[in-house]
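Subject: Structure handover

Hello,

Here is the structure you will be working with. Please open it beside this email and follow along.

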Amino acid sequence: MSSDLARRWWPLAAGILAGIVLAIAFSLLGSTSRKAEAKVLITSPAGTAAVRPLLGNLRELAMSGVVAGNVKSTLRLPESAESLRRHLDASVRPGSEVIAITATDSNADRARQLSQEAAVVFGQLVEARFGKSTPELHAAGLDSAHVLAGPDRHFLRNGLIGALIGFLLGAAAMFLLAGRGREASVAAPAADDRELEKRERLLGERLKTVTARERELATRVGKAAARDKESEARSAELATRERALDDRAAKLAKEERELEQRPAPPPAPPPPPPEPVPVPTPEPSPERIIRSGAWNVNDLERAVAAQSNASAEQAEEWGTYLFFLREHAASDGALPPQFDGLIEDVFGPIRDG
């Protein structure tokens, strides 16, 4: 009984196993190329209405051999410009004036380098060809080149699909073999016919069960594919947010360095001291110079200071002579005798008064 069941079900098991093996091989041998993308914004003083009709031509320029040749020369690549052009692609973002330039290569860093250089060359060509035309166009890098999410080999999804295909093929082979077995057993006894009918009913029931499982499996495969797409979209969004945070962190660090390098503001000057309130001094009475020996410059200064009624010219003259006599006075103010005549002539009014 068990050997008979094994002979009937082996095509189904073999088909499922073969489908899984082929799906894994397909996943392993799939493309391993990486893509990098850079975005260029096209602007015009005439507005977006003047830019959008020309986006198709600008896209063709981005994929042209001119761009590929300039990239080859700048990066000094050994391959030909035509071969390099096949690695480049460009597309216009819907509802915008943004052209995305992508580069495909097995190496992620090289793909990013090709995409970045192609965007720079494309911007230079736009400025050279359309910068002074009508309408005037300008190109500016909107987003530096970055590597897109890596290839997902989808082992689980491909394995489930391969198992499903193998199951269908195995079921078909099993039905063919079962049909041949029924044809060969037409002359079998009635007991065998009843056994076969019973087995057929069981097979029909199992087939219904398997069909229901197939539908459930197909639903799961669809949900898994949707989850994969959602995961890829979230990964791209997270990468965009990480780049924005990095840019903000770099900007904040730059501002902090600038603040640290700024010289400290000078300290505020102290407030001026309050002006002293003038105290009125009593007007001294004129003094007379009393000579008890040699003339003394200190006595002369006191006598001059006491002459409050003297004119400005007279006071200035006395001050000049006092300054001159101070240079020849002794430490106690005594003056040499050779200045007696000069003192008599200049300071006589004080002495006589």
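First, a term you will need throughout. A residue is buried when its relative accessible area is under 20%, exposed when it is over 50%, and partly exposed in between (1.4 Å probe, protein chains only).

Next, the ground rules. This is a predicted model, so local features need pLDDT of at least 70 and side-chain atom pairs count only at pLDDT 80 or more, while totals for chains, interfaces and linings use all residues. Residues are numbered from 1 along each chain as its sequence is written, and side-chain values use heavy atoms, with hydrogens and water left out.

**The whole chain**

The chain has 12 helices and 4 strands. These are DSSP runs, numbered from the N terminus: helices are H or I with at least four residues, strands are E with at least two. Of the 353 residues, 27% count as buried. The chain exposes about 23,600 Å², and carbon and sulfur atoms supply 58% of that. Accessible areas come from the Shrake-Rupley method with a 1.4 Å probe; for residues, only the protein chains shown count as cover.

Now contacts. A contact means heavy atoms within 4.5 Å. Take the contacts in the chain with a separation of 6 or more: residues 24 or more positions apart account for 73% of them.

**Two cores**

A nonpolar core is a set of buried Ala, Val, Leu, Ile, Met, Phe, Trp, Tyr and Cys residues joined through side-chain atoms within 4.5 Å. In soluble globular proteins, nonpolar side chains tend to be buried together.

The largest core here has 29 residues. Val40, Ile99 and Phe122 are among those with the most contacts inside it. Elements that give two or more residues to this core include strand 1 (34-43), strand 3 (98-105) and helix 6 (108-130). Helix 6 gives the most, with 7 residues. What does valine 40 contact, leaving aside its neighbours within four places in sequence? Its partners include Ile99, Ile101, Phe122 and Leu142.

A second, separate core has 15 residues, including Trp295, Leu335, Val346 and Phe347. Two of those names come back with tryptophan 318, which sits in helix 10 (residues 312-326). Tryptophan 318 touches Val346 and Phe347, and also Val304, Gln307, Ala310 and Ile350, not counting residues up to four places away in sequence. Is tryptophan 318 buried or exposed? It counts as buried, because its relative accessibility is 4%. Glutamate 301 is 17 residues from tryptophan 318 in sequence and 8.7 Å away in space, C-alpha to C-alpha.

**Loops**

Asparagine 296 lies in the loop between helix 8 (190-261) and helix 9 (297-305). Asparagine 296 is buried, at 15% relative accessible area. A polar atom of its side chain lies 2.8 Å from the backbone nitrogen of asparagine 298. Beyond its neighbours within four places in sequence, asparagine 296 is in contact with Asp332, Gly333 and Ala334.

Arginine 76 is in the loop between helix 4 and helix 5 (81-85). Why does arginine 76 count as exposed? Because its relative accessibility is 74%. Its phi is near 55°, a positive value in a residue other than glycine.

Proline 135 is in the loop between helix 6 and strand 4. A cis peptide bond joins threonine 134 to proline 135, with omega about 0°.

**One more helix**

Leucine 169 is found in helix 7 (residues 155-184). Leucine 169 is exposed, with a relative accessible area of 58%.

Best wishes

Technical notes: Polar contact = N/O pair within 3.5 Å; in protein donor to acceptor, adjacent residues only side chain to side chain.
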